[in-house]
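Trainee: Hi! Could we go through this one together? I'd like to learn how to read it.

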Amino acid sequence: MRNLKIEETTNKVGEKYRSFLHEEAENTHWRHGGPPIYDIVNKLFEEGRTKIWEKGSLEETVQNAIKSWEMELSHKIRIQDFKTINPEKFKLIVNGREGLSAEETLKVGSYNALLKSTLPEEYKYYKAEEETFESSHEVFRSAFPRGFAWEVISVHSGPPVITYKFRHWGYFEGPFKGHAPTGELVDFYGMGILKVDEQLRAEDVEIFYDPADLISKLIKGPLILEQQNVDVQSSPANKGSCPFNKQA
């Protein structure tokens with residue numbers, strides 16, 4: 001899933017957690033005109049992470065590799081500009097569903113790929129099939145104005161088949177699908193299996209997690225229109241009372 005807030009698109013040297021952000025940037029077709037800046041979500045990540053991995057460790061390598069892949073998926077618009085995947089073999093498989101190719105994943109975007117559901121319509125609070133790449137990202141940019149951070153919790157095996165546990169989190173400080181923000185920390189955990197080639201490019205990415213861990217926390221707040229109606233109905237003007245005549 002996307003873990004950033006775009007601030008501007010000018011080059012910035014020295015991104016700490018993502019490769020291929022500025023290498024050959026002049027030849028890359030960026031979705032928003034240039035490479036993104038990750039200062040805000042990096043701050044959230046550094047303040048909220050539960051693990052600090054030793055530089056060069058397997059855990060740090062896996063964490064940064066997946067952040068780099070997510071960056072390319074969210075901000076590069078041509079598969080030929082990707083350096084983190086093997087485009088001929090790449091598949092994204094979520095919770096055992098049918099895998100998406102590189103082009104299919106790029107078309108729908110990470111949120112729609114991760115949140116597609118087979119639940120009955122009345123239980124779908126996020127309908128991936130009705131969202132575009134851009135609209136899906138806007139939904140979560142709105143809900144998490146400080147970004148949506150991601151970390152590796154543990155790594156259980158190294159390449160070529162990497163298995164790991166992850167945590168995703170942010171502060172619900174903006175509206176989500178008509179629901180008012182609660183300001184609360186929203187996080188969830190999952191497992192991943194990442195198969196890589198000799199160049200450490202991703203071939204298969206399998207992700208397992210419970211989407212309800214995320215969505216249930218984003219619909220806790222009241223519906224905004226309903227809350228506005230309650231506020232209007234309970235205002236002193238509508239109660240016929242003087243707002244200055246209050247008892248302690």
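This is a predicted model: local features need pLDDT of at least 70, side-chain atom pairs count only at pLDDT 80 or more; totals for chains, interfaces and linings use all residues.

Trainee: Is Glu 203 buried or exposed?

Mentor: Glu 203 counts as buried because its relative accessibility is 8%, and the cut-off for buried is under 20%.

Trainee: And which strand does Glu 203 lie in?

Mentor: Glu 203 belongs to strand β5, which covers residues 202-209.

Trainee: OK, so what is the order of the strands in the sheet?

Mentor: The order is β1-β5-β4-β3-β2, an open sheet of five strands with mixed pairing. At the edges stand β1 (91-94) and β2 (149-157); each has a single partner strand, so one side of each is left without a neighbour in the sheet.

Trainee: By how many degrees are neighbouring strands turned against each other?

Mentor: On average, neighbouring strands of this sheet are turned by 20° against each other, with direction ignored.

Trainee: Let's zoom in on β2 and β3. How many bridges join β2 to β3?

Mentor: Seven bridges join β2 to β3, and the two strands run antiparallel. They form a hairpin, with three residues between them. For residues that face each other, look at Glu 151, which stands opposite Arg 167 in β3, and at Ala 149, which stands opposite Trp 169 in β3.

Trainee: What about β3 and β4, over how many bridges do they pair?

Mentor: β3 and β4 pair over 11 bridges, in the antiparallel sense. You can find Ile 162 opposite Leu 194 in β4.

Trainee: Switching to helices: which strands does helix α1 lie across?

Mentor: Helix α1 (residues 39-48) lies across β2 and β3, and it runs at about 105° to β3. Helix α2 (residues 58-75) lies across β1, β2, β3 and β4 (185-196), running at about 135° to β2.

Trainee: I also clicked on Tyr 171. Which strand is that in?

Mentor: Tyr 171 lies in strand β3, residues 161-171. With 27% relative accessibility, Tyr 171 counts as partly exposed. Leaving aside neighbours within four places in sequence, its contacts include Leu 44, Phe 144, Arg 146 and Leu 185.

Trainee: How far apart are the C-alpha atoms of Tyr 171 and Pro 181?

Mentor: Those C-alpha atoms are separated by 9.0 Å, and the two residues are 10 residues apart along the chain.

Trainee: Last topic, the whole chain. How many helices and strands are there?

Mentor: The secondary structure of the protein chain comes to eight helices and five strands. From the N terminus on, the elements run α-α-β-α-α-α-β-β-β-β-α-α-α.

Trainee: And what share of the residues is buried?

Mentor: Buried residues make up 43% of the 248 residues in the protein chain. Among contacts with a separation of 6 or more, 65% are between residues 24 or more positions apart. The accessible surface comes to about 13,100 Å², and 52% of that belongs to carbon and sulfur atoms.

Technical notes: Residues are numbered from 1 along each chain as its sequence is written. Side-chain values use heavy atoms; hydrogens and water are left out. Helices (H or I, at least four residues) and strands (E, at least two) are DSSP runs, numbered from the N terminus. Buried means under 20% relative accessible area, exposed over 50%, partly exposed in between (1.4 Å probe, protein chains only). Contact means heavy atoms within 4.5 Å. Two strands pair if DSSP finds at least two bridges between them. Axes are lines fitted to C-alpha atoms, for helices over the stretch in contact, and angles run from 0 to 180 degrees between N-to-C directions. Accessible areas come from the Shrake-Rupley method with a 1.4 Å probe; for residues, only the protein chains shown count as cover.
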